Amino acid sequence: MLKGSCACGKIRYEIAGSLNGPVNHCYCQGCRKQSGSGFSSTARVEASVMNVLVGRHLVRSWQHAAGTEHFFASCCGALIYSRDPADLGNLLLPLGTLDCDPKIGKNLHVDTSSKAAWLPPWGLPVIAEGEEIDPVISSLWVTPKGVPRE
Ligand SMILES: [Zn+2]
Ligand SMILES: [Zn+2]
């Protein structure tokens with residue numbers, strides 16, 4: 001059982017099962033516009049296991065010119081889910097609304113040729129919460145000539 005909610009908490013949903021497939025981190029323009037960010041992270045879920053428990057009356061939708069329907073929270077604007085009218089049996093769940101770890105091991109970067117120029121390059125170092133930043137910064141330090149520091 002997975003649980004999630006909108007940004008203000010007036011809409012709460014649960015998924016009576018698990019996510020269906022890998023996490024797609026999509027860099028297309030549509031996902032940027034929809035999310036207001038550099039990419040969107042979604043995973044498929046069977047429509048039959050997605051239940052909006054609270055605040056169903058607050059869910060609104062709009063349809064992208066490409067066909068995808070987006071269902072969002074009228075209370076706070078959070079995207080709750082999307083669906084392809086040609087595949088009504090599945091939904092695309094934006095993972096940022098989950099209130100738990102869906103424990104998905106597989107991730108894909110999708111539509112990377114559309115990646116915004118202002119996003120950082122691939123392969124930046126990862127610093128976990130609580131990890132000391134200084135050793136990582138030191139290992140990255142370069143002189144003005146671009147030569148790594150000894
Ligand atoms: Zn809300
Ligand atoms: Zn996309």
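Biologist: Which residues does isoleucine 80 touch, not counting residues up to four places away in sequence?

Modeller: First, what touching is: two residues are in contact if their C-beta atoms, placed from the backbone, lie within 7 Å. Leaving out residues up to four places away in sequence, isoleucine 80 touches Cys6, Ile11, Tyr13, Val59, Phe71, Phe72, Ala73 and Thr97. Keep in mind that this is a predicted model: local features need pLDDT of at least 70 and side-chain atom pairs count only at pLDDT 80 or more, while totals for chains, interfaces and linings use all residues. Residues are numbered from 1 along each chain as its sequence is written, and chains are lettered from A and ligands numbered from 1 in the order in which they are written.

Biologist: How many helices and strands are in the chain?

Modeller: Both are DSSP runs numbered from the N terminus: helices are H or I with at least four residues, strands are E with at least two. Here the chain has 2 helices and 10 strands. Starting at the N terminus, they come in the order β-β-β-α-β-β-β-β-β-β-β-α. As for contacts in the chain with a separation of 6 or more, 60% join residues 24 or more positions apart.

Biologist: What is the order of the strands in the open sheet of 3 strands?

Modeller: Here's the general idea: strands of a sheet pair through backbone hydrogen bonds, either parallel or antiparallel. For pairing, DSSP has to find at least two bridges between two strands. In this open sheet the order is 1-2-5, and the pairing is antiparallel. Strand 1 and strand 5 are at the edges with a single partner strand each, so one side of each has no neighbour in the sheet. From one strand to the next the twist averages 25°; axes are lines fitted to C-alpha atoms (for helices, over the stretch in contact), and angles run from 0 to 180 degrees between N-to-C directions.

Biologist: How many bridges join strand 2 to strand 5?

Modeller: There are 4 bridges between strand 2 and strand 5 (residues 50-54). One to look up is glutamate 14, whose bridge partner in strand 5 is asparagine 51. Strand 1 (residues 2-5) also pairs with strand 2 over 4 bridges, in the antiparallel sense. On that side, lysine 3 stands opposite glutamate 14, and glycine 4 has tyrosine 13 as its bridge partner. Strands 1 and 2 form a hairpin with 6 residues between them, and glycine 9 in the turn has a positive phi of about 90°.

Biologist: Is glycine 4 buried or exposed?

Modeller: Count the other C-beta atoms within 10 Å of the residue's own, all placed from the backbone: 20 or more is buried, 12 or fewer is exposed, and in between is partly exposed. Glycine 4 has 23, so it is buried. Its contacts, again without residues up to four places away, are Tyr13, Thr97, Leu98 and Asp99. In the whole chain of 150 residues, 19% count as buried.

Biologist: Which residues are on the covered face of strand 2?

Modeller: In a regular strand the side chains alternate between the two faces of the sheet. In strand 2 (residues 12-15), Tyr13 and Ile15 make the covered face, while Arg12 and Glu14 make the uncovered one.

Biologist: Which residues touch the most other members in the largest nonpolar core?

Modeller: In soluble globular proteins, nonpolar side chains tend to be buried together. A nonpolar core is a set of buried Ala, Val, Leu, Ile, Met, Phe, Trp, Tyr and Cys residues joined through C-beta atoms within 7 Å. The largest one here has 17 residues, and Val45, Met50, Ile80, Tyr81, Leu91 and Leu93 touch the most other members. At least two of its residues come from each of strand 2, strand 4 (40-46), strand 7 (69-73), strand 8 and strand 9.

Biologist: What is the phi of lysine 103?

Modeller: Most residues other than glycine have a negative phi. Lysine 103 has a positive one, near 55°. Lysine 103 lies in the loop between strand 9 (90-94) and strand 10 (107-110), and it counts as exposed because it has 8 C-beta neighbours inside 10 Å. Aspartate 111, also not a glycine, has a positive phi of about 55°. You'll find aspartate 111 in the loop between strand 10 and helix 2 (134-140), and its 16 C-beta neighbours inside 10 Å make it partly exposed.
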